[in-house]
Amino acid sequence: MRLSPALIASVGVLLGSTDTTSQEKVSTSFAPEMIRTKIAEEVKAIVIRQLEADGNWNVTESPNFRVRHQLSKEKSEEICRAIEKIRIDVQKKWMKNADSWDQKCDVSVYQDGKQMEWNTGKNAYYPGFSEIESAPGGRVISRKIALRSDAHNIFTHVMPHEVAHVTIAGSPGKMIPRWADEGIAILSEPRSSLDDFQKNLHQLQKHQLFSLQELLTMDYPELKSFGTFYAQSASLTNYLQKRKDPPAVLAFIRDGMNDAAALKNFGATSLQDLEADWRRKMFGKE
Ligand SMILES: [Zn+2]
């Protein structure tokens, strides 16, 4: 789920308003020009179909997504192209082999938090969320995303974040650990999201940070540690992808996230060695 640093920083904010991350139109593309042009052509060629309405909901379908909404045909097509593009971007960056999905991801676009809460039971303050169902071996069985069309940063932040979650799920050949799941989702947003989270880290005492071992194995922490967890997850994922490349992060997970995996994928003598270097980078300038 996407929680901005500002949202996490204040439980007061959690009770009421929407996301407060700055509005900016920053491309989340990271690929070189030639690849970007190719992706743009792929996205333009995507076939989008308007299906029969499902009660009060219009249904628009693209190759990998089925979107239920109460928006115009044009707006729904814009959403389909945007999420198909994010899916391609995430796959090209993090995975060596792009996977096709057996089943489309169901996307519900609600008008506001109230409508989302009424339909999903999730708190109205979320700008959106995603849900994955997987088999015991980690194979993904179903993907779902909920979005709010009134979130001001839906195209720049919420969609990249949630589509990254459903795209990366199961990609290391097992369920993705939480740190990498949130780290990759945050890194799919504009760079300012990572910067905002990292800024928060500098306000923490060393003993408030999670150790690498804790972070690698934990699920979401209790509410008061959410900010630290999101910030450290983004920081670690960013550090690891830079130390080698993005696919090495998934290979490290696949290889067991232990000393041998640290050596094989990042040339670190041990996890401890990796942690010491990450901490230096986390608090220093990149
Ligand atoms: Zn998330």
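Two strands count as paired if DSSP finds at least two bridges between them. The legends below apply this criterion to a predicted model.

**Figure 1. Overview of the protein chain in the predicted model.** The protein chain contains 13 helices and six strands. Of its 286 residues, 37% are buried. Among contacts in the protein chain with a separation of 6 or more, 60% are made by residues 24 or more positions apart.

**Figure 2. The open sheet, built from six strands with mixed pairing.** The strands follow the order E1-E2-E3-E4-E6-E5. The edge positions are taken by strand E1 (49–54) and strand E5 (128–134); each has a single partner strand, so one side of each is left without a neighbour in the sheet. On average, and with direction ignored, neighbouring strands of this sheet are turned by 20° against each other.

**Figure 3. Close-up of the antiparallel pair formed by strands E2 and E3.** Strand E2 covers residues 57–61 and strand E3 covers residues 65–69; the two are joined over four bridges. Within this view, Asn-58 stands opposite His-69 of E3.

**Figure 4. Crossing of helices H10 and H11.** Two packed helices are described by the angle between their axes and the distance between the axes. Helix H10 spans residues 226–243 and helix H11 spans residues 246–254; their axes come within 7 Å and cross at roughly 110°. Angles of 65 to 115 degrees count as roughly perpendicular, and H10 and H11 are therefore roughly perpendicular to each other. The crossing of H10 past H11 is right-handed. On the H10 side, the contact involves Thr-237, Leu-240 and Gln-241, which meet Pro-246, Ala-248, Val-249 and Phe-252 of H11. The residues of this contact comprise five nonpolar, two polar and no charged.

Figure 5. Leu-201 lies 82 residues from Phe-283 along the chain, and the C-alpha atoms of the two are separated by 8.1 Å.

Technical notes. Residues are numbered from 1 along each chain as its sequence is written. This is a predicted model: local features need pLDDT of at least 70, side-chain atom pairs count only at pLDDT 80 or more; totals for chains, interfaces and linings use all residues. Axes are lines fitted to C-alpha atoms, for helices over the stretch in contact, and angles run from 0 to 180 degrees between N-to-C directions. Angles under 35 degrees count as roughly parallel, over 145 as roughly antiparallel, 65 to 115 as roughly perpendicular and the rest as oblique. A crossing is left-handed if the near helix is turned anticlockwise from the far one by less than a right angle, and right-handed if clockwise. Two residues are in contact if their C-beta atoms, placed from the backbone, lie within 7 Å. Ala, Val, Leu, Ile, Met, Phe, Trp, Tyr, Cys and Pro count as nonpolar, Asp, Glu, Lys and Arg as charged, and the others, Gly among them, as polar. A residue is buried if 20 or more other C-beta atoms lie within 10 Å of its own, exposed if 12 or fewer, and partly exposed in between; C-beta atoms are placed from the backbone.
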